[in-house]
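Colleague: I would like to go through this structure feature by feature. Please give me the general idea each time, and then the case at hand.

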Amino acid sequence: FGGDVMGGRRYETPLEGERRLVHDATRQADMRALLATMAPTLRAADLASVNLEITLSARELTTAAPKSYVFYAHPELAHALAWAGVDYAAQGNNHVYDYLDQGLADTMAAVKAAGLGHSGAGADRAAAIAPWRTSLQGEAWSFLSFVGWEGRVEPNQVAEAGKGGAALGDDATIVETVGRETAAGRAVVVQYHGSREYSPEPTAESRRRMLAAIDAGADLVIGHHPHVLQGFEIHQGQLVAYSLGNFLFDQYIHETQASMLLKVWMDESRFARAEIVPIDVRDYRPVPAV
């Protein structure tokens, strides 16, 4: 599991004194180069996952949500992630709906074209809260992805009846969706996008919801959004990782550059062990920390 991925903004429009990392003429090679050092680790996993926190579109999007920060990248980013070994993209986050329905539709098409599994966003609430289902070594798994808040702008960032966006992970929805998949005999991974940015520990609300997912039957809970690392907890024998920090992100704040991949071994649906792969987000690229 890796943390937040965006791949836009300063990758193509660098700050003064920085070099441009992604060029129009060599976009495919440039985007693959961003991920090349971590590709062997990603490809070695039975399943690799990141939080895809950006809109993807090949056209210039002009109608954005009235937010302080919106960004998008070329759909080649999804193909680069697949090339590097990523299998699943969590989309229940606060940037998948930055460019409203047009951007969401382009993003969903790009992820699908790249062959990535995905969940956490959709054209309405029913589509957004639906799991991505797969099989790993004969075990049926369901992947759910949620954002923790609606957003303060209008239109907000979450999917509703007749409106697109991210899946809102309130208490009732988490318990409902996890319970449904568990009742169907499936192992469940929940990814939750919440808590306070740059804080070293989760908020009380986020911790309550993530533990409630385990109580409802989830077998593994992965958190992101703070852009920095947070701790771990074993709850009812299962692992909760509160924040994996950044993976491919253009923040230059020092605290956001110390990050990790999380390797998890499961014995069927039970947690067996986990291992941290320390990474340094250097020059906005994830590289092994040495």
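**Reading the features**

Modeller: R125 counts as partly exposed, because its relative accessibility is 33%. Keep in mind that this is a predicted model.

Colleague: Where does the cut-off for such a class lie?

Modeller: Buried means under 20% relative accessible area and exposed means over 50%, so a residue in between is called partly exposed. E176, with a relative accessible area of 34%, is also partly exposed.

Colleague: What do the side chains of R125 and E176 form?

Modeller: The side chains of R125 and E176 meet in a salt bridge, at 3.8 Å from N to O.

Colleague: Which residue forms a salt bridge with R133?

Modeller: The partner of R133 is E181, and their closest N and O atoms are 2.9 Å apart. This pair links distant parts of the chain, with R133 in strand β8 (residues 132–136) and E181 in helix α6, 48 residues apart.

Colleague: Is E181 buried or exposed?

Modeller: E181 is buried, because its relative accessible area is 2%. R133, at 48% relative accessibility, counts as partly exposed.

Colleague: How far apart are the closest N and O atoms in the salt bridge between R282 and D280?

Modeller: The closest N and O atoms of R282 and D280 are 3.0 Å apart. R282 is partly exposed, with a relative accessible area of 47%.

Colleague: Which residues are linked in a network of salt bridges?

Modeller: E12, R20, D24 and R27 are linked in such a network.

Colleague: Now the pockets. How much space lies in the largest pocket, and which residues lie nearest its centre?

Modeller: The space in the largest pocket is about 840 Å³. Its lining has 36 residues, and Y69, N94, W149, E197 and H225 are the ones nearest the centre.

Colleague: How does the lining of the largest pocket divide by class?

Modeller: That lining has 12 nonpolar, 14 polar and 10 charged residues.

Colleague: And how much space lies in the second largest pocket?

Modeller: The second largest pocket holds about 670 Å³ of space. It is lined by 22 residues, with D46, L47, V264, W265 and M266 closest to its centre.

Colleague: Which element gives the most to the lining of the second largest pocket?

Modeller: β16 gives the most, with 6 residues. At least two residues of this lining come from each of α2 (39–44), β9 (139–147) and β16. By class, the lining of the second largest pocket divides into 16 nonpolar, 2 polar and 4 charged residues.

Colleague: What about the surface: which residues form a nonpolar patch there?

Modeller: For a patch, a residue needs over 30% relative accessible area and no salt bridge, and nonpolar side chains are joined within 5 Å. Here L15, Y198, Y252 and I253 form a nonpolar patch, with about 370 Å² of accessible area together. I253 sits in the loop between β15 (246–248) and β16 (258–267), and I253 is partly exposed at a relative accessible area of 34%.

Colleague: On to the backbone. Which residues does a cis peptide bond join?

Modeller: The cis peptide bond joins E154 and P155, with omega about -5 degrees. P155 is in the loop between β9 and β10. The loop between β9 and β10 (165–166) also holds A159, which counts as buried at 7% relative accessibility.

Colleague: How far apart are A159 and G92?

Modeller: A159 and G92 are 67 residues apart in sequence, and in space their C-alpha atoms are 9.9 Å apart.

Note on methods:
Residues numbered from 1 in each chain as written. Predicted model: local features only at pLDDT ≥ 70, side-chain atom pairs only at ≥ 80, totals over all residues. Heavy atoms only, no water. Patch = residues over 30% accessible without salt bridge, like charges linked within 9 Å, V, L, I, M, F, W, Y side chains within 5 Å. Areas by Shrake-Rupley, 256 points an atom, 1.4 Å probe, with all protein chains shown as cover. Salt bridge = Lys/Arg side-chain N within 4 Å of Asp/Glu carboxyl O. Helix = DSSP H or I, 4+ residues; strand = E, 2+ residues; numbered from the N terminus. Buried < 20%, exposed > 50% of the residue type's maximum accessible area, 1.4 Å probe, protein only. 1 Å grid on protein atoms, 1.4 Å probe; cavity = no way out; pocket = protein on both sides within 12 Å on 5 of 7 lines; lining within 4 Å. Points joined across faces, edges and corners; volume = space filled by probe spheres on them. Nonpolar A, V, L, I, M, F, W, Y, C, P; charged D, E, K, R; others polar.
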